[in-house]
Amino acid sequence: MLKLKKLKSTSGWQGNHVAQDCAEWVVTDHPHIILRHLSGDWVAFDTTKPAIAPRQGFQRIASGWTRKMLLEVLDSKLTK
């Protein structure tokens, strides 16, 4: 199973009436993979690969409805 290390904690309410910053985790054995909780889904990004669309950050490599589901999907992709 993958182990995570918290990279950035939530900074609280931003005062913009939209949202707050999301926390980020990094996979300890793969420091280029970042996990974020975005819009109700958990998403893993590979920071070594740029996104396909311009100005979209990094490429998504896995997603799941829960963090546990994301870790299971990501673990199966990384162990191939």
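Here are some questions and answers about the side chains of this predicted model.

Visitor: Which element gives the most residues to the largest nonpolar core?
Guide: Happy to start there! The largest nonpolar core has twelve residues, among them L2, W25, I33, L35, W42 and A62. The elements that each supply two or more of its residues are β2 (24-27), β3 (30-38), β4 (41-50) and α1 (67-78). With three residues, the one that gives the most is α1.

Visitor: Which residues of the chain is L35 in contact with, leaving aside its neighbours within four places in sequence?
Guide: L35 is itself a member of the largest nonpolar core. With those neighbours left aside, its contacts include V43, A44 and E24.

Visitor: How is the pair of rings of W25 and W42 classed, stacked, edge-to-face or tilted?
Guide: Good one to look for, as the structure holds one aromatic pair. A pair of aromatic rings is described by the distance of the centres and the angle of the planes. Here the centres of W25 and W42 are 5.3 Å apart and the planes stand at 50°. Planes under 30 degrees apart count as stacked and over 60 as edge-to-face, so this pair is tilted.

Visitor: How many residues apart are W25 and W42, and are they buried or exposed?
Guide: W25 lies in strand β2 and W42 in strand β4, so the pair links distant parts of the chain. Both residues are buried, and their separation is 17 residues.

Visitor: Which residue meets R36 in a salt bridge?
Guide: The count of salt bridges comes to two. In one of them R36, in strand β3, is joined to a residue of strand β2 that is twelve residues apart from it. The N to O distance is 2.8 Å, and the partner is E24.

Visitor: Is E24 buried or exposed?
Guide: Its relative accessibility is 10%. Buried means under 20%, so E24 counts as buried.

Visitor: In the salt bridge of K49 and D46, which residue is buried?
Guide: The side chains of K49 and D46 meet at 3.9 Å, N to O. K49 has a relative accessible area of 38%, so this residue is partly exposed. At 7%, the buried one is D46.

Visitor: Which ring does the charged end of R67 sit over?
Guide: Two arginines are worth a look here. R36 lies over the face of F45, at 5.2 Å from the ring centre. R67 has its charged end 5.1 Å from the centre of another ring, that of W25.

How values were computed:
Residues are numbered from 1 along each chain as its sequence is written. This is a predicted model: local features need pLDDT of at least 70, side-chain atom pairs count only at pLDDT 80 or more; totals for chains, interfaces and linings use all residues. Side-chain values use heavy atoms; hydrogens and water are left out. A nonpolar core is a set of buried Ala, Val, Leu, Ile, Met, Phe, Trp, Tyr and Cys residues joined through side-chain atoms within 4.5 Å. Buried means under 20% relative accessible area, exposed over 50%, partly exposed in between (1.4 Å probe, protein chains only). Helices (H or I, at least four residues) and strands (E, at least two) are DSSP runs, numbered from the N terminus. Contact means heavy atoms within 4.5 Å. A salt bridge is a side-chain nitrogen of Lys or Arg within 4 Å of a carboxyl oxygen of Asp or Glu. Rings of Phe, Tyr and Trp (its six-membered ring) pair if their centres lie within 6.5 Å; planes under 30 degrees apart count as stacked, over 60 as edge-to-face and the rest as tilted. A charge sits over a ring if NZ of Lys or CZ of Arg is within 6 Å of the ring centre and within 35 degrees of the ring normal.
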